[in-house]
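Visitor: I like to know what each label on a model rests on. Please bring one up, and I will ask about the terms as we go.

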Amino acid sequence: MFPHPVTRPGVVLPCHVDPAGRTGPTPGQARGPRWRRVAPAWCVPSGIDGGALEQRVVEALAGLPADAAVTGWASLGWRRESRWFGGIAEDGRTRLDVPIALTTRGARPRTGVELTEDWLFEADVEVIDGLPVTRVERAVAFEVCRATSVAVAVRVIDMACADDLTDLAGLRRYAGGLVSRPGICTFRDALDLADENAWSPQEVGMRMAWLRRRPRAVLQTNCPLFDPAAPNGRHLTTPDLIDLRAGVVGEYEGVVHLADGVRRKDLDRDALYRDLDLEVVTMMSEDRRDVSAFFARLDAAYRRAEKRSDHPRRWTTEQPGWWVDTSTVARRRALDEHQRRIWLRRLAG
């Protein structure tokens, strides 16, 4: 019998091969077309989609010690609030191995599962819908400490905060307990650059590229701009990024922005920026592979903005009384369901 009483709807638990055929398929049946092996002596019916995230996570625990726990991206992705941890690599196609934290040695490696024997503190494991997973801060720390760059680490932190799974204060407290563990310097550097108000991984990539080119820029993520001349402080727009001192805004445009309706809105937005004396720089999806063209556009935007530096501002970041600030995890968590539908609808998709 599968050792974890998983209650998540739609998930099929692996069953152990049973020579008598009472609690699972016989060895002969398990070798047949009606069953798919997920671990030595563990199977699921062959019609079950092993690519679905939740099914992948459950199957990864088959045949492992009872004290094993799902960690990393898979622990984050198992949570119902998660939107950004789907277990797919940055290329959009490759499935990531499911990381499992072990305290008992001797488990055999297998395809699709990453067995780890890193740190596991006493309070690091919790049970969600019957499945043992590491707490959010431990899962984030695991991914951040092995990140290939600080920019990748920042993306993990920002997206965990975007899902309101944790906040920067909680991650800093957790990082304080790791002391000299491998990757802790990357963790600390990433925390200094992280932001609780990023809305997508692409925005984070643009911010990190921008800071590589202009390290002294003070960037605001998704900062709403208002009309100071309007009696009620009319909301004008919310750029992906803005350097408030320079008057340069940044927008990320992926392939979805090529659609007619979306493109029309982008053109209207850019026209508004010109009316506001703001210079806009756009990062395209192709720029993620080679940022040189983005850097050239960024430098040009700063040069144009410098020529307008003596113009009076036609916008303000001062929020009117009717506006609800959702720029931090704490503020978003404080919203009731009705407020979330109104103020967080831009994150629903």
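Guide: Let's start with contacts, meaning heavy atoms within 4.5 Å. In this chain, residues 24 or more positions apart account for 62% of the contacts with a separation of 6 or more. This is a predicted model, where local features need pLDDT of at least 70 and side-chain atom pairs count only at pLDDT 80 or more, while totals for chains, interfaces and linings use all residues. Residues are numbered from 1 along each chain as its sequence is written, and side-chain values use heavy atoms, with hydrogens and water left out.

Visitor: What are the overall dimensions and the accessible surface of the chain?

Guide: Along the principal axes, the C-alpha atoms fill a box of roughly 85 × 45 × 40 Å. The accessible surface is about 18,000 Å², with 51% of that belonging to carbon and sulfur atoms; the method is Shrake-Rupley with a 1.4 Å probe.

Visitor: Why is H4 called buried, and what does it touch?

Guide: Buried means under 20% relative accessible area, exposed means over 50%, and partly exposed is in between, using a 1.4 Å probe and protein chains only. H4 has a relative accessible area of 5%, so it counts as buried. It lies in the segment before β1 and, leaving aside residues up to four places away in sequence, touches L13, L61, A66, G130 and P132. Over the whole chain, 48% of the 349 residues count as buried.

Visitor: What makes β1 and β2 edge strands?

Guide: Three strands form an open antiparallel sheet in the order β1-β3-β2. β1 (15-16) and β2 (35-39) each have a single partner strand, so one side of each is left without a neighbour in the sheet.

Visitor: Why is β13 described as largely enclosed?

Guide: Six of the six residues of β13 (residues 248-253) are buried, so the rest of the structure largely encloses this strand. V248, G250 and Y252 point one way, V249, E251 and E253 the other. In a regular strand the side chains alternate between the two faces of the sheet.

Visitor: Which strands pair with β13, and in what sense?

Guide: β12 (residues 241-243) is joined to β13 by three bridges and runs antiparallel to it, with I242 as the partner of V249. β14 pairs with β13 in the parallel sense over six bridges, and there V249 stands opposite V280. The hairpin of β12 and β13 has four residues between the strands, and G247 takes a positive phi near 75 degrees in it.

Visitor: What makes a group of residues a nonpolar core?

Guide: A nonpolar core is a set of buried Ala, Val, Leu, Ile, Met, Phe, Trp, Tyr and Cys residues joined through side-chain atoms within 4.5 Å. The largest one here has 77 residues, and I100, I157, F187 and W210 have the most contacts inside it. Helix α5 (residues 150-162) gives the most to this core, with eight residues. A second, separate core has ten residues, among them C223, I242, V249 and Y273.

Visitor: What makes α4 a mostly covered helix?

Guide: Ten of the ten residues of α4 (residues 136-145) are buried, including E137, R138 and E143.

Methods
Two strands pair if DSSP finds at least two bridges between them. Helices (H or I, at least four residues) and strands (E, at least two) are DSSP runs, numbered from the N terminus.
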